[in-house]
Amino acid sequence: MVDRDGVGPLVTFRVQDRPDSADISAFAAQRIGDHRRVYLDFEGDVSGGRGRVERVAAGVVERLSEGADFEVVVRFGGVVKQWRGRHMGGDRWEFQAF
């Protein structure tokens with residue numbers, strides 16, 4: 001989840017790999033519907049038997065650019081990660097470190 005502006009809904013991707021991992025340089029993502037801000041802190045069961053949320057990482061967005069590509073610079077503790085996402089069609093995205 002990425003906070004665009006501190007006010008509106010969160011840009012949300014489903015990923016299999018951890019983008020905060022020091023040894024990862026690319027990952028696939030599925031863009032899912034924007035989420036309410038309450039999910040930034042939420043952990044636990046999701047209503048309607050839709051699964052469980054467990055927070056595994058948190059960071060601070062230092063820069064975000066949305067256009068043809070999705071670029072984000074995030075600070076995970078003392079580590080800064082820069083990602084450029086390319087839309088691959090449908091809900092599929094590919095992210096590369098830059």
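This passage describes the fold of a predicted protein model and the surroundings of several of its residues. Residues are numbered from 1 along each chain as its sequence is written. In this predicted model, local features need pLDDT of at least 70, side-chain atom pairs count only at pLDDT 80 or more, and totals for chains, interfaces and linings use all residues, while side-chain values use heavy atoms, with hydrogens and water left out.

The protein contains zero helices and nine strands (helices, H or I, of at least four residues and strands, E, of at least two are DSSP runs numbered from the N terminus). From the N terminus on, the elements run β-β-β-β-β-β-β-β-β. The C-alpha atoms fill a box of roughly 40 × 35 × 30 Å, taken along the principal axes. The radius of gyration is 13 Å, which agrees with the value near 13 Å for a compact globule of 98 residues; this radius is taken over C-alpha atoms, and the globule rule is 2.2 Å times the number of residues to the power 0.38. Buried residues account for 24% of the 98 residues, where buried means under 20% relative accessible area, exposed over 50%, and partly exposed in between (1.4 Å probe, protein chains only). Of the contacts (heavy atoms within 4.5 Å) between residues at least 6 apart in sequence, 39% join residues at least 24 apart.

Seven strands form an open sheet in the order E1-E2-E3-E9-E8-E7-E6, with antiparallel pairing; two strands pair if DSSP finds at least two bridges between them. The edge strands are E1 (2–3) and E6 (60–66), each of which pairs on one side only. E6 is joined to E7 by a hairpin through two residues, and the two strands pair in the antiparallel sense over six bridges. Across this pairing, Val 61 stands opposite Val 74, and Val 60 stands opposite Arg 75. E7 and E8 also run antiparallel and are joined by eight bridges. Their hairpin has two residues between the strands, and Gly 77 takes a positive phi near 65 degrees there. Strand E7 is largely enclosed by the rest of the structure, because six of its eight residues are buried.

Arg 75 belongs to strand E7 (residues 69–76) and is partly exposed, with a relative accessible area of 33%. Its bridge partner in E8 is Val 80. The side chain of Arg 75 makes a polar contact with that of Glu 62 at 2.7 Å; a polar contact is a pair of N or O atoms within 3.5 Å, of which, within protein, one must be able to donate a hydrogen and the other to accept it, and residues adjacent in sequence count only if both atoms are side-chain atoms. Arg 75 and Glu 62 are 13 residues apart along the chain, and their C-alpha atoms are separated by 6.9 Å. Leaving aside neighbours within four places in sequence, Arg 75 is in contact with Gly 59, Val 60, Glu 62 and Val 80.

Lys 81 lies in strand E8 (residues 79–89). Lys 81 is buried yet has no salt bridge, and the nearest side chain of opposite charge, Asp 23, is 6.9 Å away. Here Lys and Arg count as positive and Asp and Glu as negative, with His and the chain ends not counted, and a salt bridge is a side-chain nitrogen of Lys or Arg within 4 Å of a carboxyl oxygen of Asp or Glu. The side chain of Lys 81 reaches the backbone oxygen of Ser 21 at 2.9 Å. Beyond its neighbours within four places in sequence, Lys 81 has contacts that include Pro 19, Ala 22, Val 72 and Phe 76.

Thr 12, in strand E2 (residues 10–15), is buried, with a relative accessible area of 3%. The side chain of Thr 12 reaches the backbone oxygen of Leu 10 at 3.0 Å and makes a polar contact with the side chain of His 35 at 3.2 Å.

Eight salt bridges are found in the whole structure. One of them joins Arg 4 and Asp 34, with the closest N and O atoms 3.2 Å apart. This pair links distant parts of the chain, 30 residues apart: Arg 4 is in the loop between E1 and E2, and Asp 34 is in strand E3 (residues 26–35). In the salt bridge of Arg 52 with Asp 45, the closest N and O atoms are 3.4 Å apart, and both residues are exposed. Salt bridges that share partners join Arg 4, Arg 31, Asp 34 and Glu 66 into one network.
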